[in-house]
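Biologist: I'd like to go through this one with you at the screen. Tell me what each label rests on, please.

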Amino acid sequence: MKKTTLWATVASTLMFTSLAFAQGDAAKGKTLFADKAEPSCAICHNADSTEKKMGPGLKGLSKRAKLNNGKKMSEAALKEVILKGGGGMPGYEESLKPADVTDLLAYLKTL
Ligand code: HEC
């Protein structure tokens, strides 16, 4: 009985961890956006409005049909903007780990 409970716990923990990894952690993404990314995204982007700073305000971003660069909105297109930058935005390919990018994407989806 005890053994079964233990295995169930281990299994569900593992499942939860891999799920969290695949989907990204929006809370961590928020910290990256506001502070941890170098330079922080918040220097150039409002997260709580569509008002332009240096870059476009990102509120409601994932509900838009297209990105500023003309690409259709998708996770892949957003990832490309973060990694490669362009149009005045720096690329983060060198400075962010893949897990950071996944967390940022999870956060951007909540805006
Ligand atoms: C130095 C200023 C600057 C920083 C720092 C910056 N961006 Fe940007 N970002 C821009 C500009 C300018 C654009 C508009 C590019 C264009 O028009 O194609 C942009 C575009 C974007 C877009 C596409 C928005 C749209 O409506 O098409 C996303 C998403 C984005 N940035 C996310 C981020 C994230 C996440 C970070 C931090 C990891 C970040 N940016 C850091 C300036 C910046």
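**Labels and their cut-offs**

Modeller: The secondary structure of the protein comes to four helices and zero strands. From the N terminus on, the elements run α-α-α-α. Keep in mind that this is a predicted model, where local features need pLDDT of at least 70, side-chain atom pairs count only at pLDDT 80 or more, and totals for chains, interfaces and linings use all residues. Residues are numbered from 1 along each chain as its sequence is written.

Biologist: Why are α3 and α4 called oblique to each other?

Modeller: The axes of α3 (residues 75–84) and α4 (residues 98–110) cross at roughly 120° and come within 11 Å. Axes are lines fitted to C-alpha atoms, for helices over the stretch in contact, and angles run from 0 to 180 degrees between N-to-C directions. Under 35 degrees counts as roughly parallel, over 145 as roughly antiparallel, 65 to 115 as roughly perpendicular, and the rest as oblique. So α3 and α4 are oblique.

Biologist: Which residues of α3 and α4 make the contact?

Modeller: On α3 they are Glu-75, Leu-78, Lys-79, Ile-82 and Leu-83, and on α4 they are Val-101, Leu-104, Leu-105 and Leu-108. Two residues are in contact if their C-beta atoms, placed from the backbone, lie within 7 Å. The residues of this contact divide into seven nonpolar, no polar and two charged. For those classes, Ala, Val, Leu, Ile, Met, Phe, Trp, Tyr, Cys and Pro count as nonpolar, Asp, Glu, Lys and Arg as charged, and the others, Gly among them, as polar.

Biologist: And what makes α2 roughly perpendicular to α4?

Modeller: α2 and α4 pack at an angle of about 95°, with their axes 7 Å apart. That angle makes α2 roughly perpendicular to α4. Ala-26, Lys-28, Gly-29, Lys-30, Leu-32 and Phe-33 in α2 meet Asp-100, Asp-103, Leu-104, Ala-106, Tyr-107 and Thr-110 in α4. The residues of the contact of α2 with α4 divide into six nonpolar, two polar and four charged.

Biologist: Lys-30 is in that list. How do you know whether Lys-30 is buried or exposed?

Modeller: We count neighbours. A residue is buried if 20 or more other C-beta atoms lie within 10 Å of its own, exposed if 12 or fewer, and partly exposed in between, with C-beta atoms placed from the backbone. Lys-30 lies in helix α2. Lys-30 has 20 other C-beta atoms within 10 Å, so Lys-30 is buried. Buried residues make up 19% of the 111 residues in the protein.

Biologist: What makes Lys-63 and Lys-72 count as exposed?

Modeller: Lys-63 has 9 C-beta neighbours inside 10 Å, so Lys-63 counts as exposed. Lys-72 has 10 C-beta neighbours inside 10 Å and therefore counts as exposed too. Lys-63 is in the loop between α2 (26–36) and α3, and Lys-72 is found in the loop between α2 and α3. Leaving out residues up to four places away in sequence, Lys-72 touches Lys-66 and Ala-77.

Biologist: Why is Gly-85 called partly exposed?

Modeller: Gly-85 has 14 other C-beta atoms within 10 Å, so Gly-85 is partly exposed. Gly-85 is found in the loop between α3 and α4. Not counting residues up to four places away in sequence, Gly-85 touches Pro-90 and Gly-91.

Biologist: What makes the peptide bond from Glu-38 to Pro-39 cis?

Modeller: The peptide bond from Glu-38 to Pro-39 has omega near 0°. Pro-39 is found in the loop between α2 and α3.

Biologist: Now the ligand. Which residues around the ligand come nearest?

Modeller: Of the 26 residues around the ligand, Cys-41, Cys-44, Gly-55, Gly-87 and Met-89 come nearest. A residue is near a molecule or strand if its C-beta atom, placed from the backbone, lies within 6 Å of it. The residues of the shell around the ligand divide into 19 nonpolar, seven polar and no charged. α3 gives the most to the shell around the ligand, with three residues.

Terms used
Helices (H or I, at least four residues) and strands (E, at least two) are DSSP runs, numbered from the N terminus.
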